[in-house]
Amino acid sequence: MSDLFDRLWTQVRELEEFDWQAVSRLGCSRETAVRYLRHWRDAGKIRVSRVTRNGKRWYAPTDRPLPGPKPVSGEATPEGNMWRAMRTLRHFNPTDVAAHANAGGVEVTVEKARAYCRQLLASEHLRVVEMAIPGRREAVYRLIEDTGPRAPKPVRLAGILDPNTGGFSPAKGGAA
């Protein structure tokens with residue numbers, strides 16, 4: 001196409017994930033960035049890696065694995081596995097979380113997942129999408145406060161300590 005096209009492609013290939021604004025910052029207009037993204041996508045050089053809540057598309061080169069939640073270095077923990085499962089799933093109930101969190105030699109029961117969901121709901125990390133009907137179905141949750149890869153952990157002060165932000169959210173109505 002052009003020297004600009006080749007130069008941008010060389011720079012974009014080095015990025016793990018990008019959107020039209022990242023391409024534009026490399027030295028072209030918005031229209032050119034969108035046109036090049038469309039061309040690279042149609043040619044199979046890039047793929048959509050994620051779409052944000054507001055519909056913004058992020059892309060990644062097809063020769064690399066998609067970016068996403070990865071285990072944090074260190075020993076696997078039940079909270080870490082449950083947190084990664086919640087970050088990956090769009091909507092989930094405690095049974096879903098327990099099923100996806102049993103990995104790395106860590107066993108997560110449905111009761112443990114249910115308790116963790118209740119704690120994250122109290123700290124406003126989760127929102128209820130569908131109310132539970134006792135004896136019929138569990139509540140369905142959605143993660144609304146994804147603060148990073150490290151799992152928020154319950155502490156004895158009756159609340160949630162989020163190591164990503166350093167924030168503490170006290171639990172509403174009860175002690176640990």
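Which residues of helix α1 (residues 3-12) are buried? They are F5, L8, W9 and V12. Seen down the axis of α1, these residues fall within an arc of 100°, so they line one face of the helix. This is a predicted model.

**Helix α1**

The face of α1 turned away from the buried side carries D3 and T10, which are exposed. The cover over the buried residues of α1 includes two helices, α2 (20-25) and α3 (30-42). It also includes the strands β1 (46-51) and β2 (57-61).

D19 sits in the loop between α1 and α2. Is D19 buried or exposed? D19 counts as buried because its relative accessibility is 2%, and the cut-off for buried is under 20%. A polar atom of the D19 side chain lies 3.0 Å from the backbone nitrogen of A22. Leaving out residues up to four places away in sequence, D19 touches L37, K56, R57 and W58.

| Side chain | Backbone nitrogen | Distance |
|---|---|---|
| D19 | A22 | 3.0 Å |

**Helix α4 and its partners**

Two packed helices are described by the angle between their axes and the distance between the axes. For α4 (residues 78-88) and α5 (residues 94-101), the axes come within 8 Å. They cross at roughly 115°. The crossing is right-handed. On the α4 side, the contact involves N81, M82, A85 and M86. On the α5 side, it involves V97, H100 and A101. The residues of this contact divide into 5 nonpolar, 2 polar and no charged.

Which residues of α4 are buried? They are G80, N81, M82, W83, R84, A85 and M86. What do they pack against? The partners are the helices α5 and α6 (110-122), together with the strands β3 (126-130) and β4 (140-143).

R84 is a residue of helix α4. Why does R84 count as buried? Its relative accessibility is 16%, and buried means under 20%. R84 and R57 are 27 residues apart in sequence. In space, their C-alpha atoms are 22 Å apart. R57 is also one of the residues that D19 touches.

Notes. Residues numbered from 1 in each chain as written. Predicted model: local features only at pLDDT ≥ 70, side-chain atom pairs only at ≥ 80, totals over all residues. Heavy atoms only, no water. Axes fitted to C-alpha atoms, helices over the stretch in contact; angles between N-to-C directions. Helix = DSSP H or I, 4+ residues; strand = E, 2+ residues; numbered from the N terminus. Left-handed = near helix turned anticlockwise from the far one by under 90°. Contact = heavy atoms within 4.5 Å. Nonpolar A, V, L, I, M, F, W, Y, C, P; charged D, E, K, R; others polar. Buried < 20%, exposed > 50% of the residue type's maximum accessible area, 1.4 Å probe, protein only. Arc of directions from axis to C-beta. Polar contact = N/O pair within 3.5 Å; in protein donor to acceptor, adjacent residues only side chain to side chain.
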